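Here are a few exercises to work through with the model open beside you. Try each task before reading its solution.

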Amino acid sequence: MQAIVDALVGAGVTEEDIQTSQLRLGAIRRRSERGAPSRIVGWQVRNRVTATIRDIGSTGDVVDAAIEAGATDLGAIAFRKDDPSEAEAEARMAAVTQAAS
């Protein structure tokens, strides 16, 4: 995971904009003979980080860097404003105006 974080930083994401968003530990089980319970043969760890990319033009470079560093899953890409309050207020006013007409 450190290689991926280093790659994100190298691609321009600040350390403050990288955080662990999920950490999962699960047993790897192997079936035993009929009727016997399965047994644990190992463990699997999944670690997911969330990175905020502030320069939207660098998104492709950041994604490429993470994958080249070993990231195996990329998902939940979301676009949002740092402070959505102004846009939300405008949307509310437009909704009220439309509802009143």
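**Exercise 1. A bridge to strand β2**

Task: Which residue forms a salt bridge with D73, and which parts of the chain does the pair tie together?

Solution: Keep in mind that this is a predicted model.

- Step 1. The partner is R48, and the closest N and O atoms of the two residues are 2.6 Å apart. This is under the 4 Å limit for a salt bridge.
- Step 2. Turn to accessibility. D73 has a relative accessible area of 52%, and exposed means over 50%, so D73 counts as exposed. R48 has 41% and is partly exposed.

**Exercise 2. The network around R54**

Task: Find how many salt bridges the whole structure holds, and work out which residues are joined into one network.

Solution: 

- Step 1. A search of the whole structure gives three salt bridges. The D73 and R48 pair has been treated above.
- Step 2. R54 pairs with D17, with 2.8 Å between the closest N and O atoms. This pair links distant parts of the chain: R54 is in the loop between β2 (39-51) and α2 (59-68), D17 is in the loop between α1 (2-10) and β1 (18-30), and the two are 37 residues apart.
- Step 3. R54 also forms a salt bridge with D82, again with the closest N and O atoms 2.8 Å apart. Here the link runs from the loop between β2 and α2, where R54 lies, to the loop between α2 and α3, where D82 lies, 28 residues away.

Solution: 

- Step 1. D17 has a relative accessibility of 13%. The limit for buried is under 20%, so D17 counts as buried.
- Step 2. R54, at 53%, is exposed.
- Step 3. D82, at 70%, is exposed too.

**Exercise 3. The whole chain**

Task: In what order do the elements follow one another from the N terminus, and why is the chain described as more spread out than a compact globule?

Solution: 

- Step 1. The chain has three helices and two strands, and their order from the N terminus is α-β-β-α-α.
- Step 2. The chain's radius of gyration is 22 Å, whereas the globule rule gives 13 Å for 101 residues; the value is well over the rule, so the chain is more spread out than a compact globule.
- Step 3. Along the principal axes, the C-alpha atoms fill a box of roughly 70 × 40 × 20 Å.
- Step 4. Buried residues account for 13% of the 101 residues.

**Exercise 4. Two distances**

Task: What separates the C-alpha atoms of S21 and A51, and what separates those of R39 and G60?

Solution: 

- Step 1. S21 is in strand β1 and is partly exposed at 41% relative accessibility. S21 and A51 are 30 residues apart along the chain, with 9.5 Å between their C-alpha atoms.
- Step 2. R39 is in strand β2 and is partly exposed, with a relative accessible area of 47%. R39 and G60 are 21 residues apart along the chain, with 43 Å between their C-alpha atoms.

Methods. Residues numbered from 1 in each chain as written. Predicted model: local features only at pLDDT ≥ 70, side-chain atom pairs only at ≥ 80, totals over all residues. Heavy atoms only, no water. Helix = DSSP H or I, 4+ residues; strand = E, 2+ residues; numbered from the N terminus. Rg over C-alpha atoms; globule rule 2.2 N^0.38 Å. Buried < 20%, exposed > 50% of the residue type's maximum accessible area, 1.4 Å probe, protein only. Salt bridge = Lys/Arg side-chain N within 4 Å of Asp/Glu carboxyl O.
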